[in-house]
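Good morning, colleagues. Please bring up the model on the screen, and I shall begin with a single position before turning to the whole.

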Amino acid sequence: MEKVIIDADKCKGCALCIEACPKKCLILSDTFNKAGYRPAVFTQKDACISCGFCFQVCPDIAIEIYT
Ligand code: SF4
Ligand code: SF4
């Protein structure tokens, strides 16, 4: 299972999670969600340390963390 799951349709592409991630695990998608935003995407699965920073900064509760 993924450590970080992002609900693309809740995401508004603000990139706060991308800035908060110390391991550069997140990027913005090249595609758009239903609302017309480019959602964040979890990459770098091996680099993620499950710190939860991305979850904590997301204003739209679009991120779930599994440890
Ligand atoms: S849990 Fe931490 S390391 Fe993993 S994607 Fe989120 S901010 Fe990055
Ligand atoms: S902080 Fe939340 S709303 Fe902003 S880009 Fe990341 S997942 Fe999307």
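Ile61 counts as exposed, because 9 C-beta neighbours lie inside 10 Å; the rule is that a residue is exposed if 12 or fewer other C-beta atoms lie within 10 Å of its own, buried if 20 or more do, and partly exposed in between, with C-beta atoms placed from the backbone. Ile61 sits in the loop between α2 (53-57) and β4 (63-65). Between Ile61 and Phe42, which are 19 residues apart in sequence, the C-alpha to C-alpha distance is 15 Å.

A word on provenance. This is a predicted model, in which local features need pLDDT of at least 70, side-chain atom pairs count only at pLDDT 80 or more, and totals for chains, interfaces and linings use all residues. Residues are numbered from 1 along each chain as its sequence is written, while chains are lettered from A and ligands numbered from 1 in the order in which they are written.

Now the chain as a whole. It contains two helices and four strands, and from the N terminus the order is β-α-β-β-α-β. Helices (H or I, at least four residues) and strands (E, at least two) are DSSP runs, numbered from the N terminus. The chain has a radius of gyration of 11 Å, which agrees with the value near 11 Å for a compact globule of 67 residues; the radius is taken over C-alpha atoms, and the globule rule is 2.2 Å times the number of residues to the power 0.38. The C-alpha trace spans about 30 × 20 × 20 Å along its principal axes. Of the 67 residues, 21% are buried.

What does the largest nonpolar core hold? It has 13 residues, and Ile6, Cys17, Leu26, Cys54 and Ile63 have the most contacts inside it. Such a core is a set of buried Ala, Val, Leu, Ile, Met, Phe, Trp, Tyr and Cys residues joined through C-beta atoms within 7 Å. Setting aside residues up to four places away in sequence, Cys54 touches Val4, Cys17, Ala20, Cys21, Leu26 and Ile63, where contact requires C-beta atoms, placed from the backbone, within 7 Å.

Cys54 also leads us to the ligands. Around ligand 1 there are 14 residues, the closest being Cys21, Cys25, Cys48, Cys51 and Cys54; a residue is near a molecule if its C-beta atom, placed from the backbone, lies within 6 Å of it. This shell comprises eleven nonpolar, two polar and one charged residues. Here Ala, Val, Leu, Ile, Met, Phe, Trp, Tyr, Cys and Pro count as nonpolar, Asp, Glu, Lys and Arg as charged, and the others, Gly among them, as polar. Ligand 2 has 15 residues around it, of which Cys11, Cys14, Cys17, Ala40 and Cys58 come nearest. Its shell divides into twelve nonpolar, one polar and two charged residues.

Tyr37, in the loop between β2 (26-28) and β3 (40-42), is partly exposed, because 17 other C-beta atoms lie within 10 Å. Beyond its neighbours within four places in sequence, Tyr37 contacts Cys11, Lys12, Gly13 and Phe32. Most residues other than glycine have a negative phi. Ala15, however, has a positive phi near 75°, and lies in the loop between β1 (4-6) and α1 (16-20). Lys24, in the loop between α1 and β2, likewise has a positive phi, near 55°. Lys24 is exposed, because 11 other C-beta atoms lie within 10 Å.

Key
Two residues are in contact if their C-beta atoms, placed from the backbone, lie within 7 Å.
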